[in-house]
Amino acid sequence: MWKRRITLLRYTSSAERTALLLSKQFQLLTEQQLIDCILQDHLQLSLSSMMTPVADDLLDEIWKDLSYLQSRIDTLDKSKPILVPIHGSPRFTLIQNTTLPTIFGLDIKSFVDCTTVVFVHVPYYSVDHNSLINNLQWEYFLLKMNCKPPKINLPENCSITRLPLLPLFTMFTEEKYAVLGEFIFSAQTETTQEYLHQFPIVAEVNNEQEIRPIARIFDHSISKDLSSLPRIDIPSYCRSLAIRMGVRADYDLITCVTILEYLSAERITNIDLYIEWLGRLQLEVRQKNKTVDNDSLFSTCHLYLPEQQQFCSLKDLLILSSNNDQYHQGILSVCKYLKLYLITPTTNQSYWQFKDLFRILGCQCNVSVVNICLTIDSASNDKHNFLPLGDYLTILNENGLETMITLFQYLNHSILQCVIENAKDTDLYRFIIENKHPIAPCGSREDFEWRFALISKQISTELKKITDVQFQQQSLPLLTINNQLIAKKSTNIIYACFETKIIQNLSRKLGKRHFISPVITRTCPLVLAMFEIDYVERLGRIKWFHKNVNLEYKLSQLTRTFQDTTGDNELEVVNSKYVDSHLCISDISAIETIDENDNDIESYGMESDYPFWIFNKTIVLCAAVTKDYAIKASIAVSALATLLHKRNHIPIEEAKLIARQKIDDCTEFQSDLLSAIASTAPNMYSYLDVIFPTDHQTIESMAISVGRHCTIEKDPEDIGIAPDRFGEDQIYRSRVEQQNHRDKSQIKRDSWMNPAIVDGIEHIRIGVNAEHFFFVYLQELYGTIDVTPIKNWRSSSRLKIYPQYTRNIDDALGYDFKLHDEKEYFSQGTGSTTKICYFEVKGTSGSFHEEHTTFHISQNEFETCQSIAYNSKRKEREAYLLVIIEYCLDPQKIALSKIINW
């Protein structure tokens, strides 16, 4: 017996035991009596000798008391005071005044602020320092008896090499010891628990043992396919303890997030692993309605994108429900310049199944107006979009022009969608959505009135507010007609205008005004409204002069036809040589009346070759010079079709058919009957009352330089040739260097070879190859700056060679190529006038022979040719040529055989 005030007697028989008890001088020592004795002693000592040095034998007795009480913890009254030895001193004190010096047997005193802390003596009584089980029992006992848990405080960025190793879970040999461990861990403060997550443990990494923080360790059973992941074996009865200590032992949210972060940190490219753990994360978020720390995940988690062979942060993902074919190129440009990675049903589609998860995580799921504005701003500083002139940021090249047009049209679409979705029941919605005429075509009176109503400071401010666009320091660069990008400033004047010829006439004072590209003007009214770009058509007026040298004659039959067809009995059709008009404009305000003394109004003579003009109710056919009635009739058809389209809102193709049918019945295209307006005072017209015979597709492709024009050779590969055509293109460019259509000696009549009979597919190949070869020939003659796919090549065969250039294609024109032959390579002009040439290209599989080879000529081609051949005025400035290319199926022999001025 270790208790000094207790004497034990050993009896030899039951009779002796009975006699001793009957003597009243001895008591039977029960377990409870011994406990009470221990507690009484501790109470007495606490009143007399606590915190004073004592003999070792007394400390030893206290340890033995504690050892006895430890084994009977469940029967103790935990409110009774007990004493414990103090670490580092021959003293003892009440247990509630002390702090536990170990956790899981680890001495953590050095990680606790010791200035006010009294630790229980360690090592504990009769405990091997390495004995986890005994340490657990002592820690459990001390905590149960109200010993205070330690408050760990680790320095910032503490290295795990300074921290003691946590015990392996396999060292918790039985479930009851794991339960002790759970109690010990849960008794710690929240801060201490967080710090314990940083303590190291031995884990298996790539079949080798390494030391890692326990919170970065995974249960071997859930990471079998990730050998490089720090893993550890956890007995089933220890899973709860392991999870509390931070081990990723369950498919919970933190585990999923941690493994996704690990996959990207280790640059693992196995996409199946990303899909597996994204799927688990999505299930966790959906079923358990848990939230994720998006900021942390965005900064640490990346996905591997096999299509790009790159890792992408979640914050750089762009999730779209469809590719939106109409604006697909715009979306790709946004991704390129904003460094976003697209996930759609067809792009990086392996991740499309997680679209809802990405939305919950806060990934970008739409392209905003701000995104597009930032893209335009970035593209305007990309030298790859410009010709190599000056600072390389002056004139857009073909690809840069295409990019900018696409982006501005995408911007206009996005602004419209923003208004539809966010401005219901507002004046802005009524101005933009409800006030727009449902069928009025672009450039009609109704369209102009709607557009003009949008040009105001209020509309601009509201559009910027609803789209979150605020360009205060620097305005967005806008695309001008001369392929430049100009930002609106107080120091420059920028206008929008539908008509290229009007822009040409108003641009005579170089540098005074800038004009938005007509294709942007027509297709992007909301962009113009947002940045307050006013219209020439709103500000200006047109003055029509009636002179004796150019009298107007009334065409009564055509007048009746126009009136009956349009339902407007006020119309009058007149004939004249030309229209003498002046463009009046003021940069101060819209012109209401013309004051000859008003210095703010500038007037420019309008130089144009329009075949007709429409001034309010007067249709002027500029056909008095020609004697060809077919030409007069075609002008009348064009005028009537334009009138039906712009004022009666009939689709243009239908309007052409109606006009042609009506004019076919007319026989009077010339008159000696003077019109009432002949030789009268000039008339002033608003642009709302004037209709121009504009060929919109030509305007789209037209590139006009206001200033000096420079021609620089560039690499044809930069144009974006289809990969499967690059080889032929290189061969063609080599062969055209030896071609000269003006050298008659190259044509050998006696070497004719009968062309092979080919099937439909090869027939198409012949046509495509012939046009491709001739396009390369034109570039050889004029250079790649002056001859481009969009501007000159008008047939759909172009898409086989340049698939990304889809604009300005029309197979109904009656020709394949259009070129202003300024160098007179193909047709001689008269005087200083050079001709515009239209080329129809024909190809053959073998050689060409004038007597044996035949070609099919379509009705469109025939009519286009005749419209030039039988119109003396057009013949002076235009030519229609038939180009014959032979050996079209053999790139090594393909050649230009003959060009016929038809």
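The report below takes up ring pairs, a ring cluster and charges over rings in this predicted model.

## Aromatic pairs across the fold

Because Phe452 belongs to helix H16 (residues 445-453) and Tyr535 to strand S17 (residues 534-535), the pair ties together parts that are 83 residues apart in sequence. Phe452 and Tyr535 are both buried.

## The pair of Tyr782 and Tyr825

Tyr782 and Tyr825 make an edge-to-face pair, with 5.5 Å from centre to centre and 70° between the planes. Tyr782 is in helix H27 (residues 760-786), whereas Tyr825 is in the loop between strand S27 (817-820) and strand S28 (836-843), so the pair ties together parts that are 43 residues apart in sequence.

The two partners can also be described by their accessibility: Tyr782 counts as buried at 5% relative accessibility, while Tyr825, with a relative accessible area of 21%, is partly exposed. The ring of Tyr782 also has the charged end of Lys823 over it, 4.9 Å from the ring centre.

## A ring cluster and a further charge

Ring pairs also join Phe774, Phe775, Tyr777, Trp793, Tyr802, Tyr805, Phe817, Phe826 and Phe839 into a cluster.

With regard to arginine, Arg280 lies over the face of Trp277, at 5.3 Å from the ring centre.

How values were computed
Residues are numbered from 1 along each chain as its sequence is written. This is a predicted model: local features need pLDDT of at least 70, side-chain atom pairs count only at pLDDT 80 or more; totals for chains, interfaces and linings use all residues. Side-chain values use heavy atoms; hydrogens and water are left out. Helices (H or I, at least four residues) and strands (E, at least two) are DSSP runs, numbered from the N terminus. Buried means under 20% relative accessible area, exposed over 50%, partly exposed in between (1.4 Å probe, protein chains only). Rings of Phe, Tyr and Trp (its six-membered ring) pair if their centres lie within 6.5 Å; planes under 30 degrees apart count as stacked, over 60 as edge-to-face and the rest as tilted. A charge sits over a ring if NZ of Lys or CZ of Arg is within 6 Å of the ring centre and within 35 degrees of the ring normal.
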